[in-house]
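This briefing is meant to be read beside the sequence and the coordinates. Please keep both in view while going through the topics below.

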Amino acid sequence: MPTFKLDGKEIPFETGDTIIAAAARVGIEIPHYCWHPGLSIAANCRMCLIEVMPSATQRSPLLDILEWDATLQDYRTVRKPKLQPACQMAATEGAEIQSNASENVAVARKAVQEFLLLNHPVDCPICDQSGECKLQDYWLEYGRFKKRMGDEPVHKPKAVVFGPTIVYDAERCVMCTRCIRFMDEVAHDPVLEMRERGNHNEICVADGHALTGHYTFMTEHVCPVGALTTKDFRFKARVWFLRTAKSICQGCATGCNSYLDYDPRYNRAYRHRPRDNEQVNKYWMCDEGMLSYRRIHEDRVSEPRLQGKTVSASAALQAIKQAFAGVSPNSVAVVFSAQHSLEDNWALRELAKTLLGTTSFYVSGLPDGYEDKILIHRDKNPNREGVAALARDAKSFADLVTDIRAGRATHVIALGGEAPLDHHDGEPAFEKLQAMVTIAAHDGPLTRAATVVLPATTWAEASGTYVNAKGIRQVADKALEPIGGAAPAWTQIAHVARSLGLNPQWGELKQIRTRLSSEVPAQTATSSTQTES
Amino acid sequence: MTQAAAFPKKRATPFTPVVVKHAERSLSNQSYIPEIIRGVGESMRHFFRNTKEMWKNDRPDPVTQRLDKGITTISYPEQKRPYPERFRGLHRLMARDDGSPRCVACLCCSTACPAQCIFIEAGEYPEGDKRRGYERFPVRFVIDELRCIFCGFCVEACPCDAIRMDTGVHATPYDSRDQFIYDKGLLMSFAGRDGSHKTENPRHEPGEKTHPGIDRERSH
């Protein structure tokens, strides 16, 4: 692999790489606003300027520059090497590049930073980007100057509503055009554009259009400053109070890698944002996925229920014991959930196969929905592939309804409240059942039909493994503490097993993971480095 | 007989040593009776003098005349020592001219607070308000005065001069814990030490004549 030298360090690159991309790959950040690894190169912010050292046979291209001389109290002409934007400069074999090591680069960065902040309102206390703003970060790292301009800054439109989700503040904008390029190149909906020049430069929405669609939140996410804010997160929290957990989006079978930002003081999630993974979602997520954190707190089953009434856990387990006493294994139907993790489904299969001895398996989950060619998958369940790997012969939810009608299933143990039914209509066939146990985190048709409901944790409250549509196995970490009497579904399933007089062989997540890695076929798993990126 | 001075007028220094004389072992000293009478007499002298002063209402100010030979205690809470100019008392929230809070709910104070006693819930101004979209305001602003350590970091952190500790009132004792939870209304009702809500540092809203420089209405 060819290499070039950055501040004396050898950086490998592939043909066609720019200097900034090659450096970013090995974890060296050259400061930038407009460059984004997933977008085209604009080279308009000038923050990534670097000095290319001339080779032995070359002369450095020099520019005449006016420099203020404090002793002369006047400007004087000096010659300085011409700096190059690292985002546009192609890496070449053996090139010698200076970034942090160069005095000229340090001066240029400071000047660029001062220029970008010239008309900035510096309203950090009321800005939602505050705490994760590139202007703040780079000012601390490369700026540290005081404002020299005494004039009133140029005022530009504030709080411009771009669409149902995004609000724009032109005064905070650094005109990096990342949002414009994102809408053009990734969302293929070129509604954003730039108008005016210089101080009056601003981003606007094309006449007669609004910033709508399925990828509007990403414009805010790619914005390096506080110019674009989402109505959802706006004014809700300060980012330095939030903690972050690596998560997996539960919105569809794509299984986008995400960060879940939550406030541990209130045990509440505030934001879902993409985590880079070249294999799955690259750098992006859809609006529905970024809003899916809300589901953690909606329609929750927090306490055990018996016939719709809240009861203690022991009373619920006692009722299960009575309902399943003397029932033949052939009439027990087990319903897996494509909404739940591999661990939860594995525990249920273990209970059914090894302990109960039943083999009538079904799969439930949310019905199919909108799909596109970018990220959004038709299947709205995060773990259908995982369930398929665990129980290949599992029948569909429609088959379950048929079998209940035919009287082949009289008792049901179900995971997850969701079913491919209208969310508010129950299924009349379930009234024929003698008993139904549902272990669920959210209310749904299956919790309403159930005799006994045991509260489970959502994906944010327990660590879990999910297999996406491509068959990549990914882990979502625990973020929040479980609410009420909720526990991971595999724990609840162990409780059910014990109440039925059986002896479950799993007590810890680690044990399940060890068993899973040997049982679930290897082709569904990828190496950990790919999912950890 | 020379009495041993417990508090000699001249302090002992290396240059003027004071020899402490011991009391003689005499009957009057050993029996303590004359000394007890003298002690009770001194107390009674103070008692009658204080009563007379209170009766005649010419009691010296214990704070300004603290070096006076007379009374050294004060009748708290009727009498209070004046607190220093920069005493950090109970918090108050400053208001703008229209009565709305100056606070923009930036949470800088609760970030700076080492006792984590400030809770703020931010909200947006209603539709049609001039400030909607530009600023937010505190829907709830609660200080737990029992948890507060009166360090004043919140006042320093505030970019809007919205929170102050210049009420001149120290933490008040109550009989239940929930009374120490001060909400926005209560905090805004407190006045400064001079009893007014006026400030030397008024806000200059965009559009007002006092607003410096240009704004959206007046350009170059």
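The model is predicted, and every value given here is computed from it. Chain A contains 14 helices and 24 strands, while chain B is divided into domain 1 (27–81) and domain 2 (92–189). The two chains touch, with 10 residues of chain A in contact with 16 residues of chain B.

**Chain A as a whole**

- The C-alpha atoms of chain A fill a box of roughly 100 × 50 × 40 Å along the principal axes, and 44% of its 533 residues count as buried.

**A parallel strand pair in chain A**

- Strand β18 (residues 332–337) of chain A pairs with β19(A) in the parallel sense, over 4 bridges, and in this pairing A:S337 stands opposite A:S364 of β19(A).

- On the side of chain A that touches chain B, the residues divide into 6 nonpolar, 1 polar and 3 charged.

- The centres of domain 1 of chain B and domain 2 of chain B, taken over C-alpha atoms, are separated by 45 Å.
- Helix α2 (residues 33–56) of chain B has 24 residues and reaches 34 Å from its first C-alpha to its last, which is close to the 34 Å expected at 1.5 Å a residue.
- Helix α2(B) is hardly covered, since the count of buried residues among its 24 residues is 0.
- The residue that follows α2(B) is B:N57, whose phi is positive, near 60°.

**The open sheet of chain B**

- Chain B has an open sheet of 3 strands in the order β2-β3-β5, with antiparallel pairing.
- Its edge strands are β2 (118–124) and β5 (181–182) of chain B, each of which pairs on one side only.
- Strand β3 (residues 136–144) of chain B pairs with β5(B) in the antiparallel sense over 2 bridges, and B:D144 stands opposite B:I181 in β5(B).

**Loop residues with positive phi**

- A:Q73 is not a glycine, yet it has a positive phi of about 55°, and it lies in the loop between β4 (62–69) and β5 (74–81) of chain A.
- A:Q73 counts as exposed because it has 7 C-beta neighbours inside 10 Å, where the cut-off for an exposed residue is 12 or fewer.
- B:F150, also a residue other than glycine, has a positive phi near 55°, and it is found in the loop between β3 and α4 (153–157) of chain B.
- B:F150 has 16 C-beta neighbours inside 10 Å and therefore counts as partly exposed.

Definitions and conventions
Residues are numbered from 1 along each chain as its sequence is written. Chains are lettered from A and ligands numbered from 1 in the order in which they are written. This is a predicted model: local features need pLDDT of at least 70, side-chain atom pairs count only at pLDDT 80 or more; totals for chains, interfaces and linings use all residues. Domain bounds come from an automatic or database domain assignment. The expected span of a helix is 1.5 Å times one less than its number of residues. A residue is buried if 20 or more other C-beta atoms lie within 10 Å of its own, exposed if 12 or fewer, and partly exposed in between; C-beta atoms are placed from the backbone. Two residues are in contact if their C-beta atoms, placed from the backbone, lie within 7 Å. Ala, Val, Leu, Ile, Met, Phe, Trp, Tyr, Cys and Pro count as nonpolar, Asp, Glu, Lys and Arg as charged, and the others, Gly among them, as polar. Two strands pair if DSSP finds at least two bridges between them.
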